[in-house]
Amino acid sequence: MRRSIPLPAPLAALPWIMLLPLFALVLFGAAVLHSAAGGSMSPYALSHILRFLVFLVGALVLMMLPRRLVLDNAYLAYGGVLALLVAVEVVGAVGGGSQRWLELGVVRLQPSELMKPVIVLVLASFFHTLPIGMLRSWRALLPPLVLMSLPMGLVLLQPDLGTALAIGFGGVVVVFLAGVPLRWFIGGGLLAAVAAPLAYFFVLQDYQRRRVTTFLDPESDPLGSGYHIIQSKIAIGSGGIDGKGFGQGSQSHLNYLPEPHTDFVFATMAEEWGLIGGLFVLLVFGIILRWGLLVARAAPDRFSRLLAAGMTATIFFYVAVNLMMVMGLAPVVGIPLPFMSHGGSSMMTNMICIGTLMMVDRWTRQGGGRAS
Amino acid sequence: MDKPPSSHALNQSFQRRTFFIGAAQASIGLLLAGRMGYIAVAENEKYRMEAESNRVNLTLIPPRRGWILDRHGAPLASNRADFRVDIIPERVEDVQGTVRVLGDLLALSAVDRQDLLDRLESAPRFSAVPVASGLDYETFAAVTVRLPELPGVIPQRGYSRYYPTGPSVGHLIGYVGAPSREEYEAEPTPLLLTPGFKLGKDGLEKQFEQELRGRPGARRVEVTASGRIVRDLDTRDDVQGKPVRLTIDGPLQDYAARRLGLESGSVVVMDCRTGDILCMASMPSFDPNSFSDGIGRVEYQMLAENERVPLRNKVLKGLYPPGSTVKPMVGMAFLEAGIDPKETVFCGGGLQVGNRRFGCWNRRGHGQVDMAKGIYQSCDVYFYHLAQRVGMDAIAPMARKCGMGETFPLPVLSQFFGTVPDPAWKMQKYGQPWQSFDTVNATIGQGYMLSNPLQLAVMSARLATGKRVMPRLVYDETRPRFDLMGFSDDHVHVIQEAMSDVVNGPGTAGRARLPIPDVLMAGKTGTAQVVGLNISNGRTGPWKYRDHGLFTFFAPYDNPIYAGVVVIEHGGGSGSAYPVARDVMTFLFDPQKGLDALHALERQWGGTAQERLAADYARYAAAAGVDLPRPPDPITLARQVEAEARAAAPEPATPVPDAIIPREDPVASATEGTEE
C-alpha cells in the first residue's frame with residue numbers, strides 16, 4: 001500500500017495498514033456516540049473525535065522519540081507516575097474520600113491510566129538490561145514483582161480493581177515474553193488459583209464481590225448489579241444480524257442500558273448495527289493487535305520487542321475484558337472499550353500504546369538490522 | 001535447558017511466546033465472535049421479546065362505569081369527566097414531602113392531609129390511592145408541572161362517579177371506592193390496581209358490580225427505564241359497563257328524601273300493579289359523592305356520632321313495632337275467619353278478659369264499634385275482643401301472607417325480616433306459653449311484632465289489591481301476574497273503604513287528605529311505643545324515648561295504583577308520619593303542588609338535605625380538628641353498620657311481661673305535629 005499510493009515521505013512512513021482501520025473504528029465509535037446522545041454530536045461524538053485527533057498528534061510526537069531517550073528515561077517515567085499515584089492517595093486522604101484522579105487546572109489526570117503503558121516500559125527496560133545469564137534466577141523475577149506490586153497496590157487502594165488487573169496483565173505479559181521459565185508461570189497460575197478465593201473474601205470490596213456473584217448468576221439480582229449484564233445482553237441479542245438501524249436502539253435510547261456511551265458502548269453499537277457491526281469492530285481490533293504483534297516480532301532488539309508486545313497486550317486487555325463483560329462472560333469491572341467508549345483517560349492510554357507501537361515500528365525501519 | 005540461553009535462543013523463545021499470545025488473542029476474538037453470534041442470532045428471538053417488554057408498557061384505562069338509571073332513564077348515578085390525582089405508594093420516595101407539596105398545590109386542609117397519609121399507609125403498596133378528583137384544569141396543570149419532583153404521583157384525565165341527588169340515594173345506590181387490599185386479594189386482576197379504578201362498596205353499586213364494571217381499555221406506550229412515557233403506540237378504548245335501570249322514580253325518591261326533612265325515617269312507595277318500588281328513601285343519609293374518594297375522618301366521625309344513624313338503610317335494616325298499622329291486616333284475618341264486618345263490639349275504654357282489663361287508647365271509649373270504625377278510629381278494644389275469639393293462629397299466618405317476616409327477592413345486600421310472633425315461636429324462643437296479653441299486644445302491632453318499612457309497604461299493597469304483590473327493584477317492561485291472596489272482593493272493599501275513612505272520613509288522619517280533586521288516599525296510622533308510659537309520654541322529652549310514627553297508605557282507594565309507608569323514628573306519634581305521606585303522594589299526582597309544600601318547609605329547615613349536610617359538615621369540621629380516630633375502610637364500615645343495625649332491632653331479650661298500655665290519644669300529635 002505504501003508503495004502503490006504516492007505520498008509525501010513523512011506520511012508515507014506512517015503504518016496506514018493499522019491507521020486506516022483505526023480511523024474507521026473511531027468514526028464508527030463517534031456514530032454510535034451520536035446515537036447514544038439521542039441523535040446529537042454533543043456531548044459525546046464531537047469531543048470523542050476531537051480527543052482522538054489531539055491524542056493522535058501526541059502519538060505522532062511520541063513516535064518521533066529516539067530509542068535511547070526512551071530507554072534511558074524508563075525508570076524516571078515509572079518513578080514519576082508512581083509519585084503521582086501516591087499524590088492521589090494523599091489528596092484523597094486529605095480531601096476526605098477516595099478518588100482516582102488529580103485536578104490539574106483544566107485537565108483531570110488519572111495517573112493509574114498512565115501506569116498501564118509505563119509498567120510495560122519499565123519492565124521492558126529492566127529485561128533489556130538484565131544479563132541473559134540471570135534470566136533463570138530469582139533476580140529475573142523479584143524486581144519485576146516489586147515494580148508491578150507497588151502501583152497495583154496503590155491502585156487497589158483507590159479502589160480500582162479493573163485498572164490494577166490491567167497493570168498486572170501488561171506486566172505479566174512482558175515477563176512472560178522476556179523468557180523467564182515457564183514453570184514459574186505454571187506455579188504462579190496455581191498460586192493464583194489458591195489466592196483467588198482468599199482475595200474474594202479478604203481483599204475485594206463488597207460491591208466488587210457482588211459483581212462477581214452476579215456475574216456467576218445475573219438473574220439472581222435482576223434489578224441490582226445483574227441489571228447491567230442482563231440489559232446489555234438484551235441490547236446485543238435484540239440487535240440480531242443487521243441491527244435495529246442507526247438511531248433506533250430502544251435499549252440505549254430509553255435508558256435501559258446503563259452507561260450506553262462508556263462501558264457498554266459495544267452493546268449500544270450491537271443493538272443498532274447487529275452482528276455485522278460487532279464483527280467489524282472485532283475485525284478492526286484484530287487488525288490493530290495483529291499489527292502490534294508483528295511490530296513486536298519484527299523489532300530489532302529486546303527492549304523494542306518487549307515494549308511493543310506489552311503495549312499490544314495492554315490494548316488487548318481492554319478489548320477482551322470489555323467485550324467479555326458486555327456479553328456476560330466476565331464480571332462488570334468498569335473497563336471501557338478502546339477507541340469507541342467516550343472518555344479521555346482510556347483514549348489517552350490507548351493512544352500512548354499506539355504511539356509507542358508506531359515508535360517501535362519507526363525504529364525498526366530506520367535502524368534496519370541494528371541488533372541489541 | 002539449564003544452561004543460560006543464548007541471545008538467539010531468547011529470540012526464538014520470544015517468537016514462540018508471541019505466537020502463543022497471538023494465538024490466545026485470536027481464540028479469544030473467535031470466542032467473542034461466537035458468543036456474539038449466539039446471543040444475536042440463536043437467542044435473538046428471546047432478547048427481542050425482552051427488549052420489547054422493556055420498551056412497551058401496557059397501561060389499563062379504567063372502564064367507564066355503567067350508569068344507574070331511574071325508571072324514566074334519568075341517571076341516579078352517572079360519570080363526570082374530570083381531572084384527578086392519584087398516588088401509587090410504592091413509587092413514592094418521601095411520603096411526608098409529597099403530601100406537603102400536593103397539599104399546597106391542591107389547597108388541602110390539615111384534616112385532608114392526615115386522611116391522605118392514613119390511606120397511603122393502609123392501602124396496598126402497589127395500588128392507586130386517590131388524592132383528589134374533580135380538579136379544574138389550572139390545578140391539574142400545576143400538579144403536572146411539578147411531577148419530576150413527585151415520583152409516584154399520577155395526574156390523569158378520568159371519570160368520577162356522580163350522584164346528582166347525593167344523599168337522597170345514598171342508602172339505595174351505595175357508593176364506589178378504590179379497591180382495598182382484601183378486595184384485591186379476592187380478585188387479583190391488574191384492573192384493581194389501575195389508578196382511577198373504583199368498584200362498588202355498598203348498596204346497588206356493590207350488588208351490580210359485574211354488570212356496571214365494563215371492560216377496561218388499554219394504552220400501549222413507550223416508556224423509559226425510569227417509567228417516563230415517551231409516546232403513545234396504540235390505544236384500545238374501554239367498553240363502558242352496562243346501565244342498570246331501576247324501578248325507582250328519581251324525582252320521587254329525591255322528593256321523599258327531602259320531605260323527611262329533619263326527621264329520621266324512611267318512605268317507601270310501590271306501584272301495586274307491578275310491584276315496582278318507586279321510592280325507597282331513608283334519611284338522614286350520607287353523600288355518596290364524597291365517599292367515592294375515600295371516607296374522611298371528620299365526615300365519618302360526624303356520621304357515626306349522629307344518633308339518627310345516617311349510615312343505616314332504614315328501609316331494609318330498620319325494624320319497628322308496626323303499631324296500629326297492622327289493624328287492617330288483623331281486620332282481614334277476622335273477615336277471612338268468618339266475622340261479619342257489621343258485627344259490633346262495645347268499647348267503653350277497655351276490655352275485661354278474665355280478671356284483667358286491657359285499655360283502649362281512647363280512655364273514654366268508642367261506643368259501638370264495627371270493623372270500619374275499628375279501623376278508622378283505630379279502636380283497640382274492637383281488635384282485642386275479636387282477636388280473643390279467632391286466636392293468634394288466625395292472625396299470624398295472615399301477617400306472614402301479607403309480607404311481614406318475609407324476605408323479598410331483591411338485589412340488595414341485606415334485609416332484616418323482623419318477627420311475626422305466634423305461640424310456637426314464643427315457646428321456641430323463650431320457652432313460655434302464649435298468653436292472652438300476647439295476642440292483645442300483637443293485634444295492635446306491639447310486643448314482639450317487628451317489621452321493616454318495606455314489609456309494611458308490601459302489606460299495604462297486598463291488602464289494597466288482594467294480590468300477592470312482590471316488590472321489584474330492577475326495571476322490566478313486562479307486567480307480572482301476581483297470585484291472588486284468596487280474599488273475597490267484598491272483604492277487600494271493606495278494608496279499602498275503612499282505610500279511606502281514616503283519611504277522608506271520620507278517621508284518625510283527616511289531615512292526610514290529598515289536595516288533589518278526585519284522588520282519595522286510604523291509609524292507616526300507627527304509633528309504636530318504644531318505652532313504657534312510666535318512662536316517657538312518647539311525645540316530648542329525650543328523642544330516643546319518643547314513639548315511632550307510622551303511616552301505611554294506598555291511592556286511589558278504590559282502584560289502588562300506589563301503596564306505601566312512611567316511618568318516622570321517634571317522631572312522637574303517627575302525626576309525624578302522615579303529613580309526609582300526603583305530600584309524597586301529592587307530588588306523585590301533581591309535582592308542582594308537592595314541591596310548593598316542600599320549598600316552604602325547606603326554607604324553615606335551612607335548605608335541601610344536601611345543603612344541610614354540607615353545612616353540618618363545615619360546622620363539624622371547624623369544631624373537630626385533626627385529632628380524630630381514623631375511619632374504617634368501607635368493608636369494615638359496612639359490617640359495623642350491619643352489626644349496629646342488628647343490635648338496634650328492638651327484639652326483647654326477655655319475654656314481654658304484660659300488655660302494652662296504649663298511649664292515650666296517640667293521634668293527638670297530628671294537631672300539634674312538628675311539621676305543621
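Over residues 20-41 of chain B, the chain is 100% helix and 0% strand, with the end C-alpha atoms 31 Å apart; helices (H or I, at least four residues) and strands (E, at least two) are DSSP runs numbered from the N terminus. The model is predicted: local features need pLDDT of at least 70 and side-chain atom pairs count only at pLDDT 80 or more, whereas totals for chains, interfaces and linings use all residues. Residues are numbered from 1 along each chain as its sequence is written, and chains are lettered from A and ligands numbered from 1 in the order in which they are written. An unreviewed UniProt entry places the feature "transmembrane region" at residues 20-41 of chain B; UniProt positions follow the numbering used here, feature names are shortened, and annotations may be inferred rather than shown by experiment.

Chain B also contains an open sheet of five strands in the order E12-E11-E19-E18-E17, with antiparallel pairing (two strands pair if DSSP finds at least two bridges between them). Its edge strands, E12 (277-283) and E17 (522-528) of chain B, each pair on one side only. Strands E18 (residues 548-555) and E19 (residues 562-569) of chain B are joined in the antiparallel sense by seven bridges, and B:Phe553 has B:Gly564 in E19(B) as its bridge partner.

The contact between the chains involves 41 residues from chain A and 37 residues from chain B, two residues being in contact if their C-beta atoms, placed from the backbone, lie within 7 Å. On the side of chain A that touches chain B, H13(A) contributes the largest share, eleven residues.
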